[in-house]
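Here's a walk through one model, taken a region at a time. Have the structure open and follow along.

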Amino acid sequence: MKIERIFTVSSRKQLLSQLKKELLELAHLGTSIGVLEWDRQVNMPPGGSGARAETLAYLAGLWHKKFTSPEFFKLVNGLMAEVDAGTLNSQELCIVKETWRDLERRRKLPTEFIEKITKVTSEANDVWAVAKKASDFKKFQPYLEKIITLKRRQASLLGFKKSPYDALLDGYEPGMTSDEVSIIFKELRDFLVPFIGKIKNSKTSINPDILRGDFSIREQEKFIKSVAKKIGYDFNTGRLDISSHPFSTSFHPTDARITTRYREDDLFYSLGSVVHEAGHAMYEQGLLKEHFGTPLAESRSLGIHESQSRIWENLVGKSRSFWKYFYPHLQKEFPKPFTEVSFENFYRAINCVKPSLVRTEADEVTYNLHVILRFEIEKELIEGTLEVADLPKIWNSKIKEYFGLKVPNDRLGVLQDTHWSGGSFGYFPTYALGNLYSVQLYESAKRSISGLEEYKSRGNFKPFRDWLRKNIHIHGKLYSADELVKKATGEPLTPKYWMDYIKNKFSEIYSL
Ligand code: CO
């Protein structure tokens with residue numbers, strides 16, 4: 001349904017400003033929901049959960065009603081005629097097309113369907129938690145079967161060219177197809193499985209326990225905040241709090257917050273997560289506030305978002321040059337145990353590779369393999385070539401094949417992640433894509449900032465942060481992920497940079 005008439009210049013301008021006004025109002029609602037959600041996870045007393053859920057549901061309903069109203073549809077649909085007529089500039093095009101895309105995806109799903117899937121996933125999530133605790137997949141199985149059926153229905157409602165999985169993936173990584181992901185992941189898997197085997201058989205042994213100590217939480221917080229500040233996370237437009245799972249959330253480019261949790265014996269339990277979340281939040285702080293409310297001030301995709309966290313967590317936070325600057329500070333703040341630990345042993349310990357059963361505990365090398373395994377399985381589930389009942393069997397055999405490990409129970413196996421119980425199919429690949437983007441971007445930054453490692457080792461992270469700001473952050477959704485990466489690195493996404501980086505870094509660490 002398109003209207004034929006092309007608007008005059010003045011009415012086009014009027015419609016565009018009307019659209020921006022409506023989007024800004026939606027963003028105000030979004031911000032309110034975001035603050036309440038942040039508060040729920042950070043401050044709320046447990047007894048408040050019922051009432052808060054009602055408030056959040058009410059506000060989400062208001063948002064949905066406004067976004068899917070016939071008036072709003074008419075407005076955006078009218079402007080879509082301008083897209084076809086070629087009368088809009090690139091920023092206007094972005095605003096109209098991205099809003100239309102979001103609107104279309106929502107309009108294709110009937111309200112009854114949304115209600116059904118919300119109810120089923122909310123029940124399934126509770127059952128999953130119980131089943132995980134009891135390490136009993138059978139309990140969860142019928143719920144997962146219901147979810148798969150609904151997800152297949154969702155894919156057919158949304159539409160797809162080749163695989164129903166593509167329709168779901170498109171919700172997280174717009175424009176990416178499962179064929180593209182399959183090709184990249186196969187190359188990664190063929191490299192990783194033997195490479196991890198080599199590390200396992202290497203004679204170099206690394207003891208990560210030398211990092212253990214007795215670290216007061218107050219001292220940890222002080223040190224971690226100083227690191228986050230130094231790398232460029234702005235505390236004037238951000239803050240650090242405690243929650244049971246670390247996350248970052250943004251209400252506006254001038255208010256992008258992060259959380260962490262602490263363990264007294266392990267400083268890196270919190271430090272790694274803070275550098276990761278600060279990377280996410282710096283992306284949000286770098287979006288342009290004058291575009292707030294429009295897609296021009298929204299992050300491009302989950303994969304690009306994850307690249308911004310991984311680039312700081314790994315390429316910066318686990319590099320020699322970064323620690324050349326910070327290690328003396330760390331030793332000063334925590335003489336025990338670090339005055340006893342040489343720089344080289346410290347560097348190896350923070351980069352220790354150990355194939356594990358659990359994705360969230362995985363190191364830089366093995367992490368992607370966990371994602372690949374999940375992608376292979378969930379794609380088959382959605383395409384209908386794998387039965388839910390066979391899930392534990394296939395999971396365990398892949399873990400054996402890829403990591404050489406035996407899965408002792410479902411809790412440490414197929415039940416470990418929450419994603420499937422919440423209906424998030426197509427989400428996992430974005431974690432690995434983020435890793436690939438991160439190295440490709442880093443290598444490009446290294447080519448354009450001469451002496452980048454030198455800057456880092458002197459504690460000057462500004463040139464690098466500014467490079468990310470200029471090449472990624474400020475663009476919002478103006479370019480597709482593909483265009484953004486091509487512009488920033490000169491070529492489309494390729495796994496070769498990630499593989500070279502991993503091979504070089506860890507061959508050196510493990511003397512391969
Ligand atoms: Co992340």
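## A buried arginine in a loop

Let's start with R300, which counts as buried at 5% relative accessibility (buried is under 20% relative accessible area, exposed is over 50%, and partly exposed is in between, with a 1.4 Å probe and protein chains only). R300 sits in the loop between helix 10 and helix 11 (helices are DSSP runs of H or I with at least four residues, numbered from the N terminus). Before going further: this is a predicted model, where local features need pLDDT of at least 70, side-chain atom pairs count only at pLDDT 80 or more, and totals for chains, interfaces and linings use all residues. Residues are numbered from 1 along each chain as its sequence is written, and side-chain values use heavy atoms, with hydrogens and water left out.

What does R300 touch, leaving aside its neighbours within four places in sequence? The list is E98, P174, Y283, G476, K477, Y479, S480, A481 and L484, where contact means heavy atoms within 4.5 Å.

## Rings and charges

The model has 34 aromatic pairs, counting rings of Phe, Tyr and Trp (its six-membered ring) with centres within 6.5 Å; planes under 30 degrees apart are stacked, over 60 edge-to-face, and the rest tilted. F268 and F346 make a tilted one, at 5.8 Å centre to centre and 50° between the planes. F268 is in helix 10 (residues 267-286) and F346 in helix 14 (residues 343-350), so the pair ties together parts 78 residues apart in sequence. F268 is buried at 18% relative accessible area, and F346 is buried at 0%. W420 and F425 are stacked, because their ring centres are 5.8 Å apart and their planes are at 5°; both residues are buried.

Two charges also sit over rings (NZ of Lys or CZ of Arg within 6 Å of the ring centre and within 35 degrees of the ring normal). K146 lies over the face of Y143, 5.1 Å from the ring centre, and R263 has its charged end over Y269, 5.2 Å from the centre of that ring.

## Nonpolar cores

In soluble globular proteins, nonpolar side chains tend to be buried together. Here the largest nonpolar core has 129 residues, and F268, W312, W323, L330, F338 and F346 have the most contacts inside it. A nonpolar core is a set of buried Ala, Val, Leu, Ile, Met, Phe, Trp, Tyr and Cys residues joined through side-chain atoms within 4.5 Å.

Beyond its neighbours within four places in sequence, W323 is in contact with F268, L271, G317, K318, P328, L330, F343, F346 and I350. Another core lies apart from the largest one, with 23 residues, including L15, L26, F73 and V96.

Most residues other than glycine have a negative phi, and most peptide bonds are trans. K336 and P337 are joined by a cis peptide bond, with omega about 5°, and P337 is in helix 13 (residues 335-338).

S135 has a positive phi of about 55° without being a glycine. S135 is in the loop between helix 5 (111-134) and helix 6 (137-158) and is partly exposed at 21%. S511, also not a glycine, has a positive phi of about 45°; S511 follows helix 21 (496-509) and is exposed at 54%.

Definitions and conventions: Helix = DSSP H or I, 4+ residues; strand = E, 2+ residues; numbered from the N terminus.
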